[in-house]
Amino acid sequence: MEQRKHWWNGKWGRLARRDVFLRVDADRWHVEQRAGGAEGISRFYEYGSADEAEETVRALLDGPDTWRELSPRPPGGWTLPNS
């Protein structure tokens, strides 16, 4: 499964933190809505198209929080340019 995008509501702490992830696995798109950080509770959605998944992401990001898009880690990990 490849992570395509990750949003964070910019808040720290188990009670306030929220994350939304967009992932793809072959032709299936997955959205994860997580509350409470890495140890928190997640809700998962699965779709057959990117458009359907992105519609859910837009709905989840709607509201008073100031969402920030975080860069996903590239498949091979991060590499530094040669010096």
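Five strands form an open sheet in the order S4-S3-S2-S1-S5, and their pairing is antiparallel. Strands here are DSSP runs of E with at least two residues, helices are runs of H or I with at least four, and both are numbered from the N terminus. Two strands pair if DSSP finds at least two bridges between them. This is a predicted model, in which local features need pLDDT of at least 70 and side-chain atom pairs count only at pLDDT 80 or more, while totals for chains, interfaces and linings use all residues. Residues are numbered from 1 along each chain as its sequence is written, and side-chain values use heavy atoms, leaving out hydrogens and water.

- S1 (residues 2-8) and S5 run antiparallel and are joined by three bridges.
- Within this part of the sheet, His6 stands opposite Leu70 in S5.

**The helix**
- Helix H1 (residues 50-61) lies across S1, S2 (18-25), S3 (28-35) and S4, running at about 15° to S3.
- Ala53, Thr56, Val57, Leu60 and Leu61 are the buried residues of H1, buried being under 20% relative accessible area, exposed over 50% and partly exposed in between (1.4 Å probe, protein chains only).
- These buried residues fall within an arc of 130° seen down the axis of H1, so they line one face of the helix; the arc is that of the directions from the helix axis to the C-beta atoms.
- Turned away from that buried side are the exposed residues Asp51, Glu55, Arg58 and Ala59.
- After H1 comes Gly63, with a positive phi near 140°.

**The core**
- The largest nonpolar core has 12 residues, among them Trp7, Leu22, Trp29, Tyr45 and Val57; such a core is a set of buried Ala, Val, Leu, Ile, Met, Phe, Trp, Tyr and Cys residues joined through side-chain atoms within 4.5 Å.
- H1 gives the most to this core, with four residues.
- Beyond its neighbours within four places in sequence, Leu22 is in contact with residues including Trp7, Trp29, Val31, Ala53 and Val57, contact meaning heavy atoms within 4.5 Å.

Key:
Axes fitted to C-alpha atoms, helices over the stretch in contact; angles between N-to-C directions.
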